[in-house]
Structure formats: C-alpha cells, structure tokens
Amino acid sequence: MKDYLDEVVERECGEDPIFAAEWAEMRARKALARIRRDHQLTQAAVAELMGLPQSRVAEIERSPGKVSFARIVAYAKAVGISVEEIANLAVVPH
C-alpha cells in the first residue's frame with residue numbers, strides 16, 4: 001500500500017527529471033550501506049577487500065552516481081552481490 005510520500009515521489013519523479021535523478025541516487029546511497037551492513041561488513045572491511053582506503057568506500061556510498069563503473073563492480077564483488085542488484089537499487093518508481 002502506498003503512503004503519502006510514495007505518492008509524492010511518484011508524482012515528482014514523473015514531472016521533474018532532476019528530482020528523479022536525485023531521488024534515485026539517494027535510494028542507491030541508502031541501499032549500498034544497508035547491503036554492506038546486511039552482509040555484516042564494515043566500510044573498513046570492504047575497503048580491505050577492494051584494496052582501497054576506507055574513505056573511498058565512504059565516497060562510493062555517499063555519491064554512487066559519481067563513482068566509476070569499475071569501482072561499483074568492485075564494490076558489488078566485495079559485498080557479495082551482483083552488478084545487476086546494484087543497478088536495480090536506483091530504479092525510480094513510476
């Protein structure tokens with residue numbers, strides 16, 4: 001069942017492409033961190049698996065839309081999910 005926020009987001013995403021892009025990135029940010037935590041991994045653990053400093057993992061989670069595809073693929077592998085799963089994180093409801 002949709003609540004008021006769902007209805008507002010659907011309407012705004014349909015009418016405002018900038019809002020839609022920002023909403024998609026926010027959803028992806030939240031989902032990346034949630035997935036990492038669901039796999040009981042810290043940013044430091046993911047960074048070690050990726051061969052990066054922890055600050056780079058924080059950057060991936062904070063701004064996934066500004067990170068290279070190669071980094072997203074490496075992040076997905078490190079947290080144990082597919083690239084397709086990460087791609088689906090930012091899908092905007094219609």
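**Entry 1. Overall make-up**

Helices (DSSP H or I, at least four residues) and strands (E, at least two) are taken as DSSP runs and numbered from the N terminus. On that basis I recorded six helices and zero strands for the protein chain. Along the sequence I read the pattern α-α-α-α-α-α.

I noted that this is a predicted model, in which local features need pLDDT of at least 70, side-chain atom pairs count only at pLDDT 80 or more, and totals for chains, interfaces and linings use all residues. Residues are numbered from 1 along each chain as its sequence is written, and side-chain values use heavy atoms, with hydrogens and water left out.

I then looked up burial, where buried means under 20% relative accessible area, exposed over 50%, and partly exposed in between (1.4 Å probe, protein chains only). Of the 94 residues in the protein chain, 36% are buried. The chain exposes about 6100 Å², of which carbon and sulfur atoms supply 56%; accessible areas come from the Shrake-Rupley method with a 1.4 Å probe, and for residues only the protein chains shown count as cover.

For contacts (heavy atoms within 4.5 Å), I looked up the separation in sequence. Among contacts in the protein chain with a separation of 6 or more, 56% join residues 24 or more positions apart.

**Entry 2**

Two packed helices are described by the angle between their axes and the distance between the axes. The axes are lines fitted to C-alpha atoms, for helices over the stretch in contact, and angles run from 0 to 180 degrees between N-to-C directions.

I found α4 (residues 54-62) and α5 (residues 69-79) packed at about 105 degrees, with axes 11 Å apart. The two helices are therefore roughly perpendicular to each other; the classes are roughly parallel under 35 degrees, roughly antiparallel over 145, roughly perpendicular from 65 to 115, and oblique for the rest. From α4, the contact uses Arg56, Val57, Ile60 and Glu61, and from α5 it uses Arg71, Ile72 and Tyr75. I sorted the residues of this contact into four nonpolar, no polar and three charged. Here Ala, Val, Leu, Ile, Met, Phe, Trp, Tyr, Cys and Pro count as nonpolar, Asp, Glu, Lys and Arg as charged, and the others, Gly among them, as polar.

**Entry 2. Helix α4 against α2**

The axes of α2 and α4 come within 7 Å and cross at roughly 135 degrees. I therefore class α2 and α4 as oblique to each other. Glu25, Arg29, Leu32, Ala33 and Arg36 of α2 meet Ile60, Glu61 and Arg62 of α4. The residues of the contact divide into three nonpolar, no polar and five charged.

I next looked up Ser63, which lies in the loop between α4 and α5. Ser63 is buried, at a relative accessible area of 15%. Leaving aside residues up to four places away in sequence, Ser63 touches Glu25 and Arg29.

Gln54 is placed in helix α4. I noted Gln54 as partly exposed, at 37% relative accessibility. Not counting residues up to four places away in sequence, Gln54 touches Gln43, Ala44 and Ala47. Gln54 and Ala44 are 10 residues apart in sequence, with their C-alpha atoms 5.0 Å apart. The side chains of Gln54 and Gln43 make a polar contact at 2.3 Å; the term requires a pair of N or O atoms within 3.5 Å, and within protein one must be able to donate a hydrogen and the other to accept it, while residues adjacent in sequence count only if both atoms are side-chain atoms.

Gln40 lies in the loop between α2 (17-38) and α3 (43-50). I noted Gln40 as exposed, at 73% relative accessibility. Most residues other than glycine have a negative phi. The phi of Gln40 is positive, near 55 degrees.
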